[in-house]
Amino acid sequence: MKVHFIPFLLIVSGLFVVQSTTAQSDDSSPFLFEEYMPGTAVLKSGMRSNSRFNIQTVTGELYFNDGSDNRILDPSIKVDTLYIGSRIFLSDKGGYTEMIALPNVANTQLLIEWRTKQTYVGRKGALGSVSHAGNVQEIDKHTGIVQGTKNNLEVYRYTPQNKYLLKTDESTLRFNDLKSFQKLFPKNQADAIAEYVKAHSIDFQQVEDVLRLLLRFTPR
């Protein structure tokens, strides 16, 4: 199966139509959501487009469903803000950053740079077994389907590599693990932070854990 691309952009009834493709939807998917979610994209031009969206966290590309096909937003179309339900995503150079207001600190927001590392595992044959042998064929990076080869899928493992920013009216603080988080505080708090992370099994790649940690420790 080959992926075909539409060579031009159409804007019809407020929806953008661009490169056509089929998205993966299994447990090892690089997409942020398990399924396409209804939302609104506000373009830098001021135009608003309603559709069902998903974010590819390896490439940073925005996908949408036009009712029949899953498609990739043409990179020449500049998105300013993406609204998915009550969630807010800001477009950046590497993809999309989610903005969450912290309930325990005034005028402070947690920005989540959703990123994923893709690691090649092997080729999946017709019987479902994964082969690690050579002769790797060309694979389409968006669909996971080997170009020109039927029933032969490339298998990848996806590892979250999220990065976080704490943004206030006066500063922006970055962290992505325990060590970088400890550096945001006075040295005499480092041990208490480490003990809390260990006691509560905080995983910095799980956003829920990071929010729980920030309810206990927030840089001032």
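Is Phe 204 buried or exposed? At 8% relative accessibility, Phe 204 counts as buried (buried is under 20% relative accessible area, exposed over 50%, partly exposed in between, using a 1.4 Å probe and protein chains only).

A word on the ground rules. This is a predicted model, where local features need pLDDT of at least 70 and side-chain atom pairs count only at pLDDT 80 or more, while totals for chains, interfaces and linings use all residues. Residues are numbered from 1 along each chain as its sequence is written, and side-chain values use heavy atoms, with hydrogens and water left out.

**Aromatic pairs**

Searching the whole structure turns up eleven aromatic pairs (ring centres of Phe, Tyr or the six-membered ring of Trp within 6.5 Å; planes under 30 degrees apart are stacked, over 60 edge-to-face, the rest tilted). One of them is edge-to-face: Phe 31 and Tyr 63, at 4.8 Å centre to centre with 90 degrees between the planes. Phe 31 sits in the loop between strand 3 and strand 4 and Tyr 63 in strand 6, 32 residues apart (helices are DSSP runs of H or I with at least four residues, strands runs of E with at least two, numbered from the N terminus). Both Phe 31 and Tyr 63 are buried. Phe 181 and Phe 204 make a tilted pair, 6.1 Å centre to centre and 55 degrees between the planes. That pair joins helix 1 to the loop between helix 2 and helix 3, across 23 residues. Phe 181 is buried too, at 0% relative accessibility.

**Helix 3**

On helix 3 (residues 207-216), the buried residues are Val 207, Asp 209, Val 210, Leu 213 and Leu 214. They sit on the same side of the helix, because they cover an arc of only 155 degrees around the axis (taken from the directions from the helix axis to the C-beta atoms). Glu 208 and Leu 215 are exposed on the face turned away from that buried side. What do the buried residues of helix 3 pack against? They pack against strand 11, strand 15, strand 16, helix 1 and helix 2 (contact means heavy atoms within 4.5 Å).

**Two loop residues**

Ser 29 lies in the loop between strand 3 and strand 4 and is buried at 16% relative accessible area. A polar atom of its side chain is 3.0 Å from the backbone nitrogen of Phe 31. Thr 57, in the loop between strand 5 and strand 6, is buried at 5%. Leaving out residues up to four places away in sequence, Thr 57 touches Pro 30, Leu 32, Trp 114, Arg 115 and Thr 116.

**Salt bridges**

There are seven salt bridges in the structure (a side-chain nitrogen of Lys or Arg within 4 Å of a carboxyl oxygen of Asp or Glu). Here are some of them.

| Pair | N to O distance |
|---|---|
| Lys 44 and Asp 80 | 3.6 Å |
| Glu 98 and Arg 87 | 2.7 Å |
| Asp 92 and Arg 115 | 3.0 Å |

Lys 44 is exposed at 55%, whereas Asp 80 is partly exposed at 34%. Glu 98 is buried at 4%, and Arg 87 is partly exposed at 30%. Asp 92 is partly exposed at 25%, while Arg 115 is buried at 18%. Separately, Asp 66, Asp 69 and Arg 71 are linked in a network of salt bridges.

How values were computed:
Polar contact = N/O pair within 3.5 Å; in protein donor to acceptor, adjacent residues only side chain to side chain.
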